[in-house]
Amino acid sequence: MQLVIVESPAKAKTIEKYLGGDYRVLASYGHVRDLPAKDGSVNPDEGFAMEWENYADKAKQLKAISDAAKGADRLVLATDPDREGEAISWHVQEVLRKRKALPAKVDRVTFNAITKATVSEAMRHPRALDEDLIDAYRARRALDYLVGFTLSPVLWRKLPGAKSAGRVQSVALRLIVEREREIEGFTPQEYWSVTAHLEADGTAFDARLSRWKGEKVDRLAIGDRGDAMAAKKAVEDGRFSVASVETKPATRNPPPPFTTSTLQQEAARKLGFSASHTMRIAQGLYEDGAITYMRTDGVQMDGAAISAARRAVTDRYDASYVPEKPRAYQTKAKNAQEAHEAIRPTDFSKDRAGSGDHARLYDLIWKRALASQMASARMERTTVDLADGSGRTGLRATGQVVLFPGYLALYEEGQDDSADEDSKRLPRMKEGDAPAKKGVDAEQHFTQPPPRFSEASLVKRLEELGIGRPSTYASIIQVLKDRAYVKIEKNRFFAEESGRLLTAFLERFFERYVSYDFTAGLEDELDEVSGGRAQWQAVLDAFWKDFKPRTSEVMEFKPSEVTAQLDAFLAPYLFPPRADGTDPRLCPNCGEGRLALRGGRFGAFVACSNYPECKYTRRFAQPGGGEGDDTGPEVLGEDADGLEVSRRSGRFGPYIQAGEGKEAKRASIPKDLPGELDLEMALKLLSLPRTVGTHPETGKEIVASIGRYGPYLQHDGKYARLGSTAEVFETGMNAAVVKLAEAAASGGRPARGSREPLKVLGKHPRTEAEIKLMEGRYGAYVTDGTTNATLPKSVAQDQLTLEEAAQLIDARAAAAPAKKGRKPAAKKKAAPKKKPKG
C-alpha cells in the first residue's frame with residue numbers, strides 16, 4: 001500500500017479517485033505543528049534551534065496518518081507546490097520519524113492542477129524534499145517569531161493600547177498611516193475649467209479651453225472665479241473654427257493571466273471580494289480541479305494550455321481574434337518567483353464552474369486567461385484643435401474610436417483611482433469647419449488628496465515594493481483588521497488611533513525595521529535561501545545581532561521618556577505651524593499652559609501642562625485641534641439641590657456629572673439622543689433608573705434604565721430590551737408588561753418574530769434571499785433567514801454594504817459542514833423505531 005498525504009479532505013477524495021486501489025490518500029488539514037507561543041521556541045544561542053509542537057486539534061488526524069504509515073511501503077508527500085506546501089510535507093515527515101512510523105521509501109510529488117492527467121504525470125516523476133525551500137520556510141517562521149516575541153513585550157510595557165507588531169504587518173500598516181498623514185496634510189488648490197458644448201453634423205461634443213490670451217492653459221492655470229468668468233466670456237464671444245485634426249492609431253495589448261496578487265486586486269475591484277475571501281474561493285476551485293494552483297507569482301502558461309486557449313478563442317469568435325504567434329509574458333513584480341504557471345482554468349472549453357462566488361471568480365479567471373491569448377485591440381485617437389479669429393483663444397476636443405475590439409470583446413482590466421479616459425466619439429471634421437456653439441460652462445474644482453488604500457491598491461503597492469509575498473497578503477490584511485489598527489469604510493482603509501500610535505513608535509525607535517527598503521531587502525535574502533544561494537542561519541544571525549540590542553535598549557526607557565520622544569517626533573503632525581504665527585503648543589483653553597503628548601492607560605492623548613486647573617485634552621489622532629478637543633466641563637445649569645450639572649468627556653466617551661468629588665453623580669450620554677443635550681435631558685439621565693410602576697401580577701416594581709448593553713426594563717431579576725433611549729422615559733405600564741412577557745417567552749430576549757432589523761440591506765446577490773442587519777445578544781449580525789454571521793469589529797454597522805454582508809454569510813455557511821455532518825447520525829438512531837411500524 002502507498003500512502004499519499006495532501007492538505008485537504010476535498011483534495012484527498014479527488015486524488016484517491018484518480019490513483020486507484022493501491023493508494024490511500026489522507027489529508028493533514030493544513031499545517032500539523034508550529035512553534036509554541038512562548039519564550040524559547042527559537043533559540044538564537046544554539047544556531048536558531050526551533051522547538052516544534054503538534055497542534056492539539058490535529059492529534060486524531062496525526063494518529064490516522066501514523067497508523068496508515070506503519071503499514072505502508074511508500075510515503076508520497078503531495079502537498080501544495082510552494083514553500084508552505086514543502087513545509088507541511090517536511091513537518092509530516094518529521095512527526096512520522098519521531099513516532100518511528102516513517103516508511104522506508106519517501107517521495108515528494110507536486111502538481112499544478114488537480115486533474116487526472118496532471119496528477120498521474122506527477123506521480124511518475126517523484127523527487128526528494130527541497131531542503132532549500134524548507135530552510136527558507138524555517139528562516140521566515142523564525143524571523144516572524146523573533147520579531148513578534150521580542151518586540152511585543154516592549155510595546156506592552158512602553159506603549160499603552162498596543163497589541164502586537166509583525167515583520168511585514170507593521171510595514172503594511174505604515175503604508176496606510178502614511179497615506180492618512182498625506183491626506184490630512186493636503187492643502188486643496190482651487191482651479192477652474194472652461195468647457196464649450198459644440199455640435200457638428202448633428203453630433204454634440206465638448207471641447208475644453210486649451211489656450212487663452214495666447215498662453216497654453218494647463219489644469220491649474222485658471223485659479224479663481226474672476227479669471228474663469230473672463231475666460232468663459234472670451235469663449236462665448238469667439239467664433240471658432242477647426243485649426244487642425246490629428247488622428248493617430250493606437251494599440252492596446254491584453255494583460256497577462258492572473259498571479260495571486262493580480263487576482264486579489266481584480267476580484268476586489270470587480271467582485272467586491274476581500275483578499276481572504278478571494279483566496280478561500282480560489283482554494284475551492286483548485287481542489288475541485290477547475291483551476292491551476294492559486295499561489296503563484298508566474299505569468300506564463302504551459303504550452304498545451306496556450307494552444308487550448310487559442311482554440312477556445314477561435315471557437316468563440318473567429319481567427320482574426322487570435323494573434324499570429326502565441327503570446328509570452330514575463331513578470332514585472334519585484335522578487336517574483338516564477339516556479340509555477342499563472343492562475344488559469346484547467347479546461348478552456350469550460351466557461352463555467354461552480355455556483356455563487358465560485359462561479360463568479362471562475363468566470364473572472366477564465367476570461368482573463370483566455371483574453372491573454374487574444375489579439376490586441378486597435379483604436380483610433382483623434383485630437384481636434386479649434387481657434388478663434390485672433391488665434392489667442394483655443395479649444396481642444398479629444399475622442400477615441402475602437403476599430404477592432406480584439407481582447408476587449410471579452411475582458412477589460414479594472415483600474416484603481418483613475419479618471420475615465422475620454423473615449424467619446426467625435427464627429428468627422430476637417431480644417432476650416434466651424435461647429436455650432438451651444439453653450440459654455442465654467443466649473444470650479446479643487447485638487448484632491450491621494451485616495452486611501454483599498455485592498456486592491458494596498459496589495460498592488462506591497463507587491464511593487466517587494467514587501468512580503470502575495471500568498472501572505474490576505475493574512476497580513478486580516479491581522480490589521482483583527483487588531484483594530486485599521487477600519488474599513490466604503491472599501492477603504494482608515495488608520496485607527498492605535499495603528500497610528502504604533503506606527504509612530506516603530507518609526508521613532510525601530511525605524512530600520514519598518515523601512516520599505518530594509519523589509520524588501522530581507523525578502524531578497526530569504527529568496528537567496530530558497531534558491532540555495534544563502535545559508536538560513538547566517539541571514540537570521542545578521543538580523544538578530546542588530547535587532548536584539550535595539551529592543552533591549554528601548555526596554556530600558558521609562559514610559560515618560562518614550563512619550564517625550566514621541567512628542568518631539570510627532571510635533572510637526574500634532575502641532576503644525578499656525579497661519580497667524582502664534583505658538584501651536586499654546587493651550588487654546590487657558591491661554592497659558594503648553595500642549596504635549598501624554599500617555600494614559602487607554603492610549604495617548606494631548607493635554608495641557610496646567611492640569612488639573614485646565615482640563616483641556618485632545619485625541620492623539622486629532623492634529624492641530626478641532627472636533628477632537630475637550631476643553632473641560634461644559635456647564636449646563638443646576639439641579640434641584642443647586643449642584644452644578646456639566647457635560648464632560650472621559651475615556652469611555654461623553655457623560656453628565658452633577659456635583660464634584662466622590663459624591664458626584666454621573667450618567668453616560670447615549671449616542672441616539674437627537675439634537676444637542678440640554679439641562680432637561682441631562683437631569684432625566686441623572687435621575688435613572690426610572691420606576692415605571694408596580695407589576696399587576698407580582699406586585700414588584702418595574703424599572704427602566706440604561707445599562708452597558710443599552711436601554712432596558714427590569715422586573716424581579718429579569719430583563720427586557722428597549723429599542724431606544726426615548727423608550728426609557730416614555731414606556732408605560734401596559735407596554736412594559738407586554739415587553740417583559742415577550743422577553744421571558746424567548747429566554748430573556750425579544751421574540752424572534754417581533755424583533756425589528758436594524759437595517760434591511762437587500763437581496764443576496766447570489767441566492768436572492770433578503771439580508772438583514774440585526775442586533776443580537778453578542779452584538780450585531782447579518783442573516784439571510786438561514787445563516788447568521790457575526791459582524792466583525794473591523795466593520796462599522798453604518799458602513800456595511802450588501803456585498804460585504806453577503807460575503808460574511810457565504811463564509812459562515814462555508815464554515816459549517818461539521819454541523820451538517822452530524823445530522824445523518826441522528827437519523828440512523830431513529831431508523832430502528834420506524835421498522836416495527838412497517
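**Notebook: strands, a sheet and a helix pair**

Strands here are DSSP runs of E with at least two residues, helices are runs of H or I with at least four, and both are numbered from the N terminus. I call two strands paired if DSSP finds at least two bridges between them.

Before going on, I noted that this is a predicted model, where local features need pLDDT of at least 70, side-chain atom pairs count only at pLDDT 80 or more, and totals for chains, interfaces and linings use all residues. Residues are numbered from 1 along each chain as its sequence is written, and side-chain values use heavy atoms, with hydrogens and water left out.

**Around S32**

I followed S32 into strand S33 (residues 788-790) and found antiparallel pairing over three bridges. The two form a hairpin with four residues between them, and in the turn Gly785 has a positive phi of about 95°. On to the other partner: strand S31 (residues 770-776) pairs with S32 over five bridges, again in the antiparallel sense. There I found Gly776 opposite Gly779 of S32.

Is S32 buried or exposed? Four of the five residues in S32 (residues 779-783) are buried, so the rest of the structure largely encloses this strand. Buried means under 20% relative accessible area, exposed over 50%, and partly exposed in between, with a 1.4 Å probe and protein chains only.

**The four-strand sheet**

Next I looked up an open sheet of four strands, ordered S26-S27-S28-S29 with antiparallel pairing. Strand S26 (690-694) and strand S29 (718-721) are at the edges with a single partner strand each, so one side of each has no neighbour in the sheet. I then checked strand S28 (residues 710-715), which is joined to S29 by four bridges and runs antiparallel to it. Tyr712 stands opposite Arg721 in S29.

**H9 against H11**

Last, I took helix H9 (residues 275-287) and helix H11 (residues 356-371), which pack at an angle of about 85° with axes 10 Å apart. That makes H9 roughly perpendicular to H11, a label for 65 to 115 degrees; under 35 counts as roughly parallel, over 145 as roughly antiparallel, and the rest as oblique. Axes are lines fitted to C-alpha atoms, for helices over the stretch in contact, and angles run from 0 to 180 degrees between N-to-C directions. Which residues of H9 and H11 make the contact (heavy atoms within 4.5 Å)? I listed His277, Thr278, Ile281, Ala282, Gly284 and Leu285 from H9, and Asp357, His358, Leu361, Tyr362 and Ile365 from H11.

Methods:
Contact means heavy atoms within 4.5 Å.
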